[in-house]
Amino acid sequence: DVQSSIPEPQREAWTKFAPQRFAKAEDFQRDAVRHVETSLARSMYNCDEAAMYAGTALAFRDRLVMDWNKTQQAHTFADQKRIYYLSLEFLMGRALDNAMLNVQQKDVAAEGLSGLGFRMEDIIEQEHDAALGNGGLGRLAACFLDSLATLNYPAWGYGLRYRYGIFKQEIVDGYQVEVPDYWLDFNPWEFARHDVTVDIQFYGHVDKWQDENGKTKCSWEGGEIVKAVAFDVPVPGYGTSTTNNLRLWGSKAASGEFDFQKFNSGEYESSVADQQRAETISAVLYPNDNLERGKELRLKQQYFWCAASLSDIVRRFKKTGRAWKEFSSQTAIQLNDTHPTLAIPELQRILIDIEGLEWDEAWSIVHQTFAYTNHTVLPEALEKWSVGLMQHLLPRHLQIIYEINLQFLQYVERTFPKDRDLLGRVSIIEESNPKMVRMAFLAVIGSHKVNGVAELHSDLVKTTILKDFVKVYGPDKFTNVTNGITPRRWLHQANPRLSALIASKLGGYDFLKDLTLLNKIEAHVDDAEFRKEWQAIKLANKERLARHVHETTGITLNPKALFDIQVKRIHEYKRQQLNIFGCIHRYLAIKAMSAEEKKKVVPRVTIFGGKAAPGYWMAKTVIHLINKVGDVINNDPEVGDLLKVVFIEDYNVSKAEFLVPASDISEHISTAGTEASGTSNMKFVLNGGLIIGTCDGANIEITREIGENNIFLFGNLSEDVEELRHNHVFGTYQLNESLAKVFDQIQNGKFGDASQFSALVNAIVDHGDFYLVSDDFESYCQTQDLIDESYKNVDEWTTKSITSVARMGFFSSDRCIDEYAEVIWNIEPVAPTKTDFAVDLA
Ligand code: F58
């Protein structure tokens, strides 16, 4: 027994002085004040909100660390199979509020803060978002970590510690301007592990020789070394002591602070330059969303992080003293998209070149260990790296990839001897000029399971980009795990009043751990008091948003208007252009109305938010148009409250937390077949907002769960897209009439210099309307009219809202993680240790 190795008196002292649960507000105050005084060296007289945030964060951090240590010990002791989630992005957002809620001590802290003269909301607002991600893929990884800890799975996240997260967006004269996001000034949530480092090799060459038994061996020699340093972030589960680890790697020059030899010989500049070059690897998150650009530094990031993570995973496995053949029954590695695919040849390299295993034995371990999640079928987003670049940067890995490919193609040739074209179609190497390594194919071949993220998407994966692999492997290798969201952050934290109302009807907060319990609120759908409070909460959330908009833009919103929100990355396939054209159409309709007619109009506020990739000119043009249209409409006295168009600057996780609860309608209107899943659709519905959407991604399953009367679907179906596109190009198509009128206004300069927006119009009129904006425009506008009618009937709307929330249980990321655990990872939870700090909900 580990415990009895420590003598009793020592153990007693240790237990007595270890941080404990705050029994009362005073306990919290003691710690917060001590941290402000000693950790920050500030006093009562210069303790501003930022300092009190720091004191509060450190007081809670002390508690998290206790559970974190115990969890890691327990997991080592249990020696069960672990899941390692490799993701280049973890879009965590703020940590303090989440930590307070997950350990169920927010009330105590709020009382304590108030006694010290601070308001909880102001303290929470001090924290900088951890914005290490672009959008849905990164946020999904963050929701998964929350669920993994909550469900007590022994899990680690592995990522990169970017010095600069996703850029901060400013809007200047209607244009997006990017500002660097330096977020590490004060980050109490990470622990630098300067003792946990891995040397990572780049470039160099491969030596080949015969060992004493005449066996051919390879080793990777020369090149340069960069050091990976671990930074650990605790991830607390909700209502459990389990606190998992997110390990982020930072890069440093291998020679330390300075290369002293160079320094002493007068080459000061170049020694500093080496160091900076090394640090560049983890300096910045690439801000592209669904587009790959093949930059060398990006490939360096990918290998750096894969190699560091695998070295860590292998080291942990070797400490158990188990045989290699047990590796895949102790270790599951999930590849979040193709970004970590180099982990496949890297593990194969470790096993054959360093550990001395035979190829076949090694390959069966590799293949049993990995699984791959695909997040897109858009061809421009599929990762490819040129063979030349790979040869230069990772010569040994390229050899291994060629060998994997050769063996795979030999298998295909044996199995389908008559199908010559098939070989070219499934080869990892694309025979283009230059030749390219197709990372998705390598990921499929090196994994035992491949999943899509919603049903339609998983079907499309099988019928389009990976069709030939279904033929080669059969359908069982491919599966679906529909995405989910954590109800802790996206209901309890973002919308505490709604969460409390639900808890009051369900007799407690158990639904936060089993979201299917929400279906019990359907029994209260006719309860008048309940409905009144439901409506009051939505109104209060809209009022809060209106205040924010007023403070930041000067625009006054009527909180009784229908709030229509579209927040997500700006991309042509997500079709913010359809939304803004719809706003112009609505504006023209209002302008043509008599005073009598105007009285019947449902006032509407259309809110946009989202970042465009800095190099994505068309997306930036959409932002510009939204802002210019807003300027005209918001200042037109003939329109007044009937329509407002607002662009929220710098959309991020913490802004999502107050936008999501404030919608009546949100828009999820991608061209059918393009949005793999979407996850904000789930967040909005869970907060009592209805949605307008296309038959795409998870919208389809949301419809199935909540019922088609509770969602506003429109537009063409994915099976019709190909033919519609064909029609555009071959001229059997006529531009929708209402849309033509919208274009007339834009082209007449109603919203400023028309030439600024011509590309947007031309994409539809002259260049084939690839995203089918004009095909869906009519049905979009009609559906918006239907929404207005429905909103007029407050009772009916409230019923839809309550019913939808009640039926959203399926979309918890807990369900999703349990599916991965059972179908893909084959892992079991580890019973959480009883700690002084954690409260056991059960
Ligand atoms: C998103 N992908 C999908 N990629 O677009 C969305 O439908 C889905 O719900 C979500 O993943 C989670 O499965 C996405 O966010 C990226 O941001 C990549 C970042 C790295 C470069 C390529 C795009």
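The structure is a predicted model, in which local features need pLDDT of at least 70, side-chain atom pairs count only at pLDDT 80 or more, and totals for chains, interfaces and linings use all residues. Residues are numbered from 1 along each chain as its sequence is written.

**Domains and their contact**

- The domain assignment of the protein gives domain 1 (18-480) and domain 2 (556-798), with bounds that come from an automatic or database domain assignment.
- The contact draws 34 residues from domain 1 and 31 residues from domain 2, where two residues are in contact if their C-beta atoms, placed from the backbone, lie within 7 Å.
- On the side of domain 1 that touches domain 2, the elements that give two or more residues are strand 2 (90-93), helix 7 (136-150), strand 5 (168-172), strand 6 (175-179) and helix 18 (455-463).
- That side of domain 1 has 13 nonpolar, 13 polar and eight charged residues; Ala, Val, Leu, Ile, Met, Phe, Trp, Tyr, Cys and Pro count as nonpolar, Asp, Glu, Lys and Arg as charged, and the others, Gly among them, as polar.
- The centres of domain 1 and domain 2, taken over C-alpha atoms, are separated by 35 Å.

**Ligand surroundings**

- The ligand lies between domain 1 (18-480) and domain 2 (556-798), because both give residues to the shell around it.
- Of the 19 residues around the ligand, those that come nearest are Asn134, Gly136, Leu137, Ala676 and Ser677; a residue is near a molecule or strand if its C-beta atom, placed from the backbone, lies within 6 Å of it.
- The shell around the ligand divides into five nonpolar, 12 polar and two charged residues.

- Nine strands form an open sheet of mixed pairing, in the order 7-10-11-4-1-12-13-17-18; two strands pair if DSSP finds at least two bridges between them.
- The edges of this nine-stranded sheet are strand 7 (191-202) and strand 18 (478-480), each of which pairs on one side only.
- Neighbouring strands of this sheet are turned by 25° against each other on average, direction ignored; axes are lines fitted to C-alpha atoms, for helices over the stretch in contact, and angles run from 0 to 180 degrees between N-to-C directions.
- Strand 1 (residues 82-86) runs parallel to strand 4 (residues 155-160), and four bridges join them; tyrosine 84 has tryptophan 156 in strand 4 as its bridge partner.
- A further open sheet has six strands in the order 21-20-19-22-23-24, with parallel pairing.
- Its edge strands are strand 21 (643-648) and strand 24 (712-713), each pairing on one side only.
- Strand 19 (residues 562-567) pairs with strand 20 (residues 604-609) in the parallel sense over six bridges, and glutamine 566 stands opposite phenylalanine 608 in strand 20.

**Helix packing**

- The axes of helix 12 (residues 343-354) and helix 15 (residues 395-415) come within 9 Å and cross at roughly 95°.
- The two helices, helix 12 and helix 15, are therefore roughly perpendicular to each other; angles under 35 degrees count as roughly parallel, over 145 as roughly antiparallel, 65 to 115 as roughly perpendicular and the rest as oblique.
- Pro345, Glu346, Gln348 and Arg349 in helix 12 meet Arg396, His397, Ile400 and Ile401 in helix 15.
- The residues of this contact divide into three nonpolar, two polar and three charged.

**Backbone geometry**

- Most residues other than glycine have a negative phi, and most peptide bonds are trans.
- Asparagine 433 and proline 434 are joined by a cis peptide bond, with omega about 0°.
- Aspartate 173, in the loop between strand 5 and strand 6, has a positive phi near 50°.
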